[in-house]
There are 6 protein chains.
Amino acid sequence: MSTHNQAQSALYPGSFDPPTLGHLDIIRRAARIFRRLLVGVLWNADKNACFSPEERMTMLREATAGIAGVEIVSFDGLLVHYLQREGLRVVVRGIRAYTDFESELQMALLNRALLPDMETLFMIPAPEYGIISSRRVLEIASLGGEVSHMVPPNVAAMLARRFPARQDSE
Amino acid sequence: MSTHNQAQSALYPGSFDPPTLGHLDIIRRAARIFRRLLVGVLWNADKNACFSPEERMTMLREATAGIAGVEIVSFDGLLVHYLQREGLRVVVRGIRAYTDFESELQMALLNRALLPDMETLFMIPAPEYGIISSRRVLEIASLGGEVSHMVPPNVAAMLARRFPARQDSE
Amino acid sequence: MSTHNQAQSALYPGSFDPPTLGHLDIIRRAARIFRRLLVGVLWNADKNACFSPEERMTMLREATAGIAGVEIVSFDGLLVHYLQREGLRVVVRGIRAYTDFESELQMALLNRALLPDMETLFMIPAPEYGIISSRRVLEIASLGGEVSHMVPPNVAAMLARRFPARQDSE
Amino acid sequence: MSTHNQAQSALYPGSFDPPTLGHLDIIRRAARIFRRLLVGVLWNADKNACFSPEERMTMLREATAGIAGVEIVSFDGLLVHYLQREGLRVVVRGIRAYTDFESELQMALLNRALLPDMETLFMIPAPEYGIISSRRVLEIASLGGEVSHMVPPNVAAMLARRFPARQDSE
Amino acid sequence: MSTHNQAQSALYPGSFDPPTLGHLDIIRRAARIFRRLLVGVLWNADKNACFSPEERMTMLREATAGIAGVEIVSFDGLLVHYLQREGLRVVVRGIRAYTDFESELQMALLNRALLPDMETLFMIPAPEYGIISSRRVLEIASLGGEVSHMVPPNVAAMLARRFPARQDSE
Amino acid sequence: MSTHNQAQSALYPGSFDPPTLGHLDIIRRAARIFRRLLVGVLWNADKNACFSPEERMTMLREATAGIAGVEIVSFDGLLVHYLQREGLRVVVRGIRAYTDFESELQMALLNRALLPDMETLFMIPAPEYGIISSRRVLEIASLGGEVSHMVPPNVAAMLARRFPARQDSE
């Protein structure tokens, strides 16, 4: 494989359950660097997922419609198997915080042990998105809290349908 | 500037006083991803530097002779001014450890505040290089310790000339 | 709302399942600073809670009987909704350790994003209480270990009733 | 001393060399909680300070002119001696990041060992100010970089006088 | 108890579900220091364990067959109760990373609070084993990934039987 | 060298400028485990040391007079050269906090790269000593603060002579 083709394509894998403004920030930044950015929804990541992989792919497709070079894909099983099948070698991950860093670093080294010519590149979201995670979004939305500053509008609409307003909140 | 050109070129800035096998590992990995990798010796980084910027550039040039696409450059002043002058937007940094991560993350966000369309990409060296730093190399070499497993051979030779063997050390 | 009234009242929210000497230490310290300290038992915090919210409120009421200005309350749903309903703006949290700090900092910023004029104040327990957590207390008590140095006497009594001594231990 | 008076007054100590928007953020937040907020410039903190204590006090006085309840003071020697002399018991500190947290926690416990009835309350600045530190401001300003998004206008003016624009920088 | 006997024996407790090359590295290092090293499989550590305690003990026995002074034991309940019953006072633990360190430090202090004359000694595995954990091994093996560089050969064989190759994975 | 002799002797190296109650705590704990504990004063550790190596050795000798098996030694140059000369293979280090852990872990791995059969064992001081460091002791003592709860009595006396009471403090 030509090493000079590596920067043409990168994979941004994740659960995206649901996609947040933090994910969108990383996608926008990575799409400026790589000609083709695959956003890969991990199919089997979480058995207790709130949204189905199809719903997550749809939300991502809508939210990234205006960003050139982005493709929404999905995969299951090991990340390195998917990279091998697709001939990809560059993985992009966002890091928001320190405990993130710990598990991300270990995962990057584990993946490289399995597929030595792959690289994981870590990117930093804008500080205002650093506190946003899918888990927190679901927690807040499920308790009737406001999440419109944390997710794209189409995701906010999906969350509003999934968690109808509770009478007792507020 | 065309955003699709961004992945053509990246800058790997540092003091490289002296270059280590950890630096070489990052250079090799980044050169597989970017068509052109500038390795930038920071001129004014440290007033107490052991090697002059010219010596550091020479050591880097020798050690990276076999890696395609690598150019050794130098700069002083603010990193973002250099990026602007050269039309570069992608910076590569290696992260070895946690306190690294803290200051690297802050520096990346500060630089982005000064030059919003730049990105810092963090890469992880191989685990066996994670413990190597220029400062530790200098410490050990200055006390007569063995550093040939921590630096390229040409750097080891430079260090041996800089710190002639002491009689008292083993 | 008069900002000068803010320091009159503060909320110390938590699961308190069960209350520990570390919690009591923070309560005592915060009660010296704020005229009125509400200790808020989070009703829905943990589905697998060992003690019911009523039991936890009773344990807290007994253990804080001698501390002026302390009131035991409970709430469910989002913390910021409770703060809004009660006109509270200051939240107190104890930090024992680093991974605590990470999630506490994120939670504080998330809450402030939802209710901009609220503040979270972090306090440090005495070092000897830094290692005590409700989860560890339950673990040790459930395995027949001694916890009387980790919880107030009334809580130790509750735990002894909940986890009768096992024959095989010791 | 009446414990209920404690929340009337708090001290926010620091070097403020120079004051940043991060410091101003903490001052504004703390002034909403405490009736009287002393901002204390540490006289002997740093022998290599860029600005004299008087200059730092003037910059702080100008920048906090519109915030009710704020007084700019200075002290040297041990913080706990100043607290004792002034009858203060509450100290406010901002925490921006993890390594901050480490040294701040140790300092808070050390101070409490010297003056048992004092408390340190930690506050979190807005995320966009989390990356700003006086040291970085001085570094960037001394290299001809833009700092107007990091400090109040009067401090930016002081820095511009201290570090006249260099010809070579962009 | 004679304090000089303490270094004769040490306990290395863990779940070992399954044993990894990282565990083996610590066992080899600790066995060079202590005359008798008990490797203790925690019986009740994890209800969702992949291997039974007997299977884990067998795997450990096979993998440590060549290391002098090693005995494989098992225990349930509190670690300190087992130490007391066996007259042991020294516990060995491997630390791979930072979040490890946090919970290990708290556990060590908690155990010492329960049994004041015990000590926990922390050892560092070789860097190449620092990224290996039993959980990651199970994850990768269950998805059809290669783990032969992460576990001893006998454990790799057990994993291959437990997770027969999936047709779809590469 | 017989590996079974390793636990007979261990080295506890440090600057001890001055020795603190935290150091004494580690010495007491390590002396219960190892038959012979060498406490090694690093001769060239810090050019700005407050006390001479001889003074530090004297303070350590006095403070450890009652602890069996402890010998006070000194060394300069690389730790691994000293270990080789003395036939030692086990080094003991106390860890008080997280940033400690980072540099200690790197140092342990670096030393092992230079001397493969050596091991560094990390021990945890009692929580109340976790906040004490030589540097803080010197800072507080030099500003006229009370340090008698942080150092042994003989060290407190040395510090009082080195930093006579200032008129202005208190």
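Which helix of chain F holds F:Glu104?

**Setting of F:Glu104**

In this predicted model, F:Glu104 is part of helix α4 of chain F, which spans residues 98-114. The relative accessibility of F:Glu104 is 11%, so the residue counts as buried, the cut-off for that class being under 20%.

The side chain of F:Glu104 forms a polar contact of 2.5 Å with the side chain of F:Arg93. When neighbours within four places in sequence are set aside, the residues in contact with F:Glu104 are F:Arg93 and F:Phe122.

**Nonpolar cores**

In soluble globular proteins, nonpolar side chains tend to be buried together. The largest nonpolar core of the model comprises 79 residues, and A:Leu159 and F:Leu159 have the most contacts inside it. Residues up to four places away in sequence not being counted, F:Leu159 touches F:Pro18, F:Phe51, F:Val137, F:Leu138, F:Ala141, F:Val147 and F:Val151.

**Helix α2 of chain A**

Which residues of helix α2 of chain A are buried? Within this helix, covering residues 53-63, they are A:Pro53, A:Arg56, A:Met57, A:Met59 and A:Leu60. These residues lie on the same side of α2(A), because they cover an arc of only 160° around the axis.

The packing partners of the buried residues of α2(A) belong to chain A: the helices α1 (21-33) and α6 (153-162), together with the strands β2 (36-42) and β3 (70-75).

Terms used: Residues numbered from 1 in each chain as written. Chains lettered and ligands numbered in written order. Predicted model: local features only at pLDDT ≥ 70, side-chain atom pairs only at ≥ 80, totals over all residues. Heavy atoms only, no water. Core = buried A, V, L, I, M, F, W, Y, C linked by side-chain atoms within 4.5 Å. Buried < 20%, exposed > 50% of the residue type's maximum accessible area, 1.4 Å probe, protein only. Contact = heavy atoms within 4.5 Å. Helix = DSSP H or I, 4+ residues; strand = E, 2+ residues; numbered from the N terminus. Arc of directions from axis to C-beta. Polar contact = N/O pair within 3.5 Å; in protein donor to acceptor, adjacent residues only side chain to side chain.
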